[in-house]
Amino acid sequence: MYLFYSSVRYNEINMKRITVFIFILLISVAAFARAETWQASGPMILIYMDEQQTDHLRAYGVAYWCLEPERGQKVQWLLNYRGGSFLVSDAQEIRDRATLVGVSYKVIDAAAVNRIYQEIQGINAEVVLLEKAPKVAVYVTPGNEPWDDAVRLALDYSKIPYDTVYDRGVLAGDLKKYDWLHLHHEDFTGQFGKFYSSFRNADWYIRSVQQAEKLTKELGFPSVQKEKRAVSLAIREYVESGGFLFAMCSAPDSLDVALAAKDVDIVPPEIDGTAADRNADQKLQYSEGLAFTDFRLVKDAMIYEISDIDIMPPNVSNPLLAPDFELFEFSAKQDPVLTIFVQNHRSSVHEFLGQTTAFHRDLIRDDVAILGDTPGTDRVKYIHGNRSAGSFTFLGGHDPEDFAHMVGERPTEMDLHKNSPGYRLILNNVLFPAMKKKEKKT
């Protein structure tokens with residue numbers, strides 16, 4: 001089956017992509033169901049997600065809470081209606097939950113619900129059904145790292161439960177337990193985040209290297225690079241088997257580089273004590289990766305970059321001058337999947353930096369959909385693609401509400417950003433696996 005991708009800003013995509021207004025994105029996983037007709041038989045709770053919502057982030061948590069097995073509620077996601085609102089059958093416990101966590105809602109009768117359905121039929125909007133709370137895992141390095149993880153902050157604040165996983169569990173096959181996996185400030189290339197130049201004498205850096213080398217030996221690998229590539233392969237297999245991967249910051253860049261560097265030593269000698277392959281760029285196998293192609297490595301140990309996939313905005317020293325990135329608008333009825341990822345009460349989001357801040361447009365594979373970019377530039381911020389039975393979404397940057405988060409800084413105070421459009425992109429992805437699926441046709 002095919003999923004049709006269209007955008008009111010499609011012509012701004014670079015010319016190497018298909019020039020017609022429809023971009024066909026092959027999905028070998030079961031397609032998602034679109035309801036032809038909806039009819040309410042009783043009152044429902046409307047959790048609106050436009051500018052009137054008091055706490056957008058915890059609204060996602062309420063939707064997730066309704067889907068948990070102990071409640072067994074189904075949630076309707078009204079794509080492109082009032083910022084991507086939620087509808088759920090009226091129940092006192094849901095009202096109480098929303099009130100408890102500070103989420104705005106309105107109880108509406110069946111007639112009002114049916115008027116909403118009628119309105120949705122005539123505009124670029126759609127109703128999709130969320131049926132089951134996805135099981136969520138976050139890849140977390142053991143120990144106290146000198147940085148936070150925006151996704152864990154979002155999950156904790158919105159009260160969405162998750163487990164943590166790391167290399168030993170990943171290689172043991174634990175990922176098959178989960179519907180959704182997140183990677184953040186990780187380096188899967190064995191270069192310890194390319195922090196060598198600035199932090200090689202810092203206690204936390206020395207400790208992280210020692211822990212990684214110890215684990216590598218315990219797992220029977222000859223080098224950290226090879227151990228991390230084995231983990232990368234397990235993550236790719238998770239996606240290919242039907243899992244959903246969401247990655248931010250350095251994880252998208254380093255994951256694809258690690259996958260492409262098959263049997264090639266790419267680690268500078270200053271970092272691991274062995275010579276890197278001088279012809280590493282020519283030996284990269286781009287088809288091994290998920291999203292990127294034709295990139296080149298940054299081989300200097302003193303440069304805080306893994307590859308040229310990353311592209312920075314101008315005026316990085318002044319967040320007020322950095323241009324926002326804009327979200328694409330998709331056809332909700334034809335492209336409900338891509339529409340989910342851009343649900344928001346804002347059409348643009350403030351730029352924020354990370355080790356990988358944005359993705360160079362020319363290095364994104366042609367079969368990957370662009371969800372958000374900085375118009376008129378080579379900077380793409382937000383992408384989605386498929387691999388066999390599963391899919392992935394990559395978002396550049398480290399923290400949507402901290403323009404330039406530095407190593408050792410305090411985590412973002414989420415109470416101050418409960419209506420963050422950037423954090424909404426993260427939570428759109430968390431709820432995506434809850435969407436109703438059609439049975440495969442064989």
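## Burial and Arg-387

A residue is called buried when its relative accessible area is under 20%. In this predicted model, Arg-387 has a relative accessibility of 17% and therefore counts as buried. Arg-387 belongs to strand 16, which covers residues 379-387. The side chain of Arg-387 reaches the backbone oxygen of Gly-289 at a distance of 2.7 Å.

## The cavity beside Arg-387

A search of the whole structure finds one cavity of 30 Å³ or more. The volume of the largest cavity is about 40 Å³. Arg-387 is one of the residues that line the largest cavity, together with Leu-290, Arg-365, Asp-367, Val-368, Asn-386 and Phe-392.

## Aromatic pairs

The structure holds 22 aromatic pairs. One of them joins Trp-77 and Phe-86 in a tilted arrangement, with 5.3 Å from centre to centre and 35 degrees between the planes.

Trp-204 and Tyr-205 form an edge-to-face pair, with centres 6.0 Å apart and an angle of 85 degrees between the planes. Trp-204 is buried at a relative accessible area of 16%, and Tyr-205 is buried at 6%. Both rings also belong to a cluster in which ring pairs link Phe-192, Phe-195, Phe-199, Trp-204, Tyr-205 and Tyr-304.

## Arginine over tyrosine

The charged end of Arg-58 sits over the ring of Tyr-157, 3.9 Å from the ring centre. The charged end of Arg-200 sits over the ring of Tyr-196, and here the distance to the ring centre is 4.9 Å.

## Helix 13

Helix 13 comprises residues 421-431 and is mostly covered, with eleven of its eleven residues buried. Among them are Tyr-423, Arg-424, Asn-428 and Asn-429, as well as Leu-425, Ile-426, Leu-427, Val-430 and Leu-431. Pro-421 and Gly-422, also in helix 13, are buried as well.

The N-terminal end of helix 13 is capped by Ser-420. In this cap, a side-chain oxygen of Ser-420 lies 3.3 Å from the backbone nitrogen of Gly-422.

## Two loop residues

Thr-141 is located in the loop between strand 8 (136-139) and helix 4 (150-158). With a relative accessibility of 16%, which is under the 20% limit, Thr-141 counts as buried. The side chain of Thr-141 makes a polar contact of 3.3 Å with the side chain of Glu-186.

Leu-219 lies in the loop between helix 7 (203-218) and helix 8 (224-240). Because its relative accessibility is 24%, Leu-219 counts as partly exposed. Leu-219 and Asp-167 are 52 residues apart along the chain, and their C-alpha atoms are separated by 9.3 Å.

Terms used: Residues are numbered from 1 along each chain as its sequence is written. This is a predicted model: local features need pLDDT of at least 70, side-chain atom pairs count only at pLDDT 80 or more; totals for chains, interfaces and linings use all residues. Side-chain values use heavy atoms; hydrogens and water are left out. Rings of Phe, Tyr and Trp (its six-membered ring) pair if their centres lie within 6.5 Å; planes under 30 degrees apart count as stacked, over 60 as edge-to-face and the rest as tilted. Buried means under 20% relative accessible area, exposed over 50%, partly exposed in between (1.4 Å probe, protein chains only). A charge sits over a ring if NZ of Lys or CZ of Arg is within 6 Å of the ring centre and within 35 degrees of the ring normal. On a 1 Å grid over the protein atoms alone, a cavity is a set of points where a 1.4 Å probe fits but cannot get out, and a pocket is an open set with protein on both sides within 12 Å along at least five of seven lines; lining residues have an atom within 4 Å of a point. Grid points are joined across faces, edges and corners, and a volume is the space filled by probe spheres set on the points. Helices (H or I, at least four residues) and strands (E, at least two) are DSSP runs, numbered from the N terminus. A polar contact is a pair of N or O atoms within 3.5 Å; within protein, one must be able to donate a hydrogen and the other to accept it, and residues adjacent in sequence count only if both atoms are side-chain atoms.
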